[in-house]
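Please find below a briefing on the protein shown here.

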Amino acid sequence: MTTLPDFYKNNHSICNKNSSLKEVLQYINHEPAGIAFITDDNQKLCGVLTDGDFRRILLAGAALEDTIPSQNLKNFTSAEEGESIEELIKKTNKIVRIIPILNKKGYITDYFRYEHKTHITPVAEPSLKGNEFKYLSDAFLSTWISSKGKYIDKFESEFANYIGTKHGVTTSNGTTALHLALKALKIGRGDEVIVPDLTFAATINCVLHAEATPVIVDVNKDFWTICPDEIEKAITPKTKAIIPVHIYGQPAEMDKIMAIAKKNNLYVVEDCAESHGASFNSQTTGTFGDISCYSFFGNKIITTGEGGMCLTNNPHLDERMRMLRDHGMSKTKRYWHDEVGFNYRITNLQAAIGVAQLEKIEQILLEREAIEKKYMNILAQIPFIEWQKTNDARRQKVVWLVAAIINEGKRDEFIKLLRDNLIDVRPFFYSLGEMDIYKKYLFSNKNSLEISKKGINLPTIAQVNVEKIKQLILEKFHHD
Ligand SMILES: *Cc1c(COP(=O)(O)O)cnc(C)c1O
């Protein structure tokens, strides 16, 4: 009599081939792996059934009282004792995840289980390895989890200080920051606000939410930021403000924009949602305009999950934004409202994460810059990729998401190639003027239309395998 391997002792995943389907199902149900190893009358392995196989057997018309159909006992993948891990992994795939291991006599001695990673390399990923959790749990344990608490004050003053303004007013997100800024400036019905055509929709939506009229103008062909000449052409007696966007970390031409604003008596609200720490002529973006607005969404340069901030040097605007952020309530008379306000507050929990993120912002910016350099070096020989420009000495850009132009009409093919290989790539924002809901506000979008059709954002995370991307490109497009 042969002694059976230990695997057979008290094992609830092994059952005889003459069992009814109901019995097999009980085995599968009992076993966390969701599998039954089927043995013949000599106790040797003759089949493997997963719960997926089971579904298919039932759907093919079998009843629970029937025995296992013989065709389900023919083909299964197995390994021999002593095979290396690499060999075992090779035998698995997205469907076959469990491999029985057999000894020379055909008895099962163990099984090998392997889950193939199917998760995609994301375009962005927050880096939370500093004091984020420490401060968050401190805020949590303090019970100050709502919109008052020391981390809010700290985040506001430290971020304002980092960028270089006197005041910081946190908000629930970057979009509410923009809306709050326009409301604080009393921009509303009958006013026109100039916005760039190439931006995230929040830039124009906040103008519409303020009931003002957006005027969409074209961007610079090389740098993708709002075009000062187009701003000048679009100004009318109704124009009240300009919202330049430092798109994908690239500073807008703030010298020219501020001169135009001064000459025409216009407000400037900087949309800094993608440009934390970028400078123009060595002056930090976010310090030029009347108010600048930041986003701390999960994919931004620093994050609080959701969150935003308005920065200003003007104490009157600071006060107005605080009042409007908190339902428009009078500062001196509780529950007395002088204006129709909002609840645009951030929580102390989010601000706690923000304080920790801010401690690392310099390091985060350097890391992002290094990632962009890695792309530029490794993909330097690919003729159809054109990187975001750095050849304007006035602009000290930062890297939000690595951005590039894919020429030769290859953009959509390029995106598909990477996505098929589980690397996420994003196309640029669509031209605002191209969308039905914004069309009627379009002034000009010639360059922007072209750029938005060719632009991409690449994964801006340290683990991205740029060598693999290069190899995929070379295979697909046959460049050497
Ligand atoms: C992200 C973003 C916003 C909006 O910020 P949220 O925090 O997501 O509301 C506004 N403008 C630009 C340019 C952005 O990229």
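The model is a predicted one. It contains 15 helices and 20 strands. With a radius of gyration of 30 Å, well over the 23 Å that the globule rule gives for 480 residues, the protein is more spread out than a compact globule.

**Overall form**
- Taken along the principal axes, the box filled by the C-alpha atoms of the protein is roughly 100 × 60 × 45 Å.
- Among contacts in the protein with a separation of 6 or more, 66% are between residues 24 or more positions apart.

**Surface, burial and charge**
- Buried residues make up 52% of the 480 residues of the protein.
- The protein has an accessible surface of about 23,700 Å², and carbon and sulfur atoms account for 51% of that area.
- There are 60 positive and 61 negative side chains in the protein, and 2 Å separates the centres of the two sets.

**The setting of Pro122**
- Pro122 is located in the loop that runs between strand S6 (108-113) and helix H4 (132-141).
- The relative accessible area of Pro122 is 23%, and this residue is partly exposed, as the cut-off for buried is under 20%.
- When neighbours within four places in sequence are left aside, the residues in contact with Pro122 are Asp424, Pro459 and Ile461.

Key
Residues are numbered from 1 along each chain as its sequence is written. This is a predicted model: local features need pLDDT of at least 70, side-chain atom pairs count only at pLDDT 80 or more; totals for chains, interfaces and linings use all residues. Side-chain values use heavy atoms; hydrogens and water are left out. Helices (H or I, at least four residues) and strands (E, at least two) are DSSP runs, numbered from the N terminus. The radius of gyration is taken over C-alpha atoms; the globule rule is 2.2 Å times the number of residues to the power 0.38. Buried means under 20% relative accessible area, exposed over 50%, partly exposed in between (1.4 Å probe, protein chains only). Contact means heavy atoms within 4.5 Å. Accessible areas come from the Shrake-Rupley method with a 1.4 Å probe; for residues, only the protein chains shown count as cover. Lys and Arg count as positive and Asp and Glu as negative; His and the chain ends are not counted. The place of a charge is taken as NZ of Lys, CZ of Arg, CG of Asp or CD of Glu.
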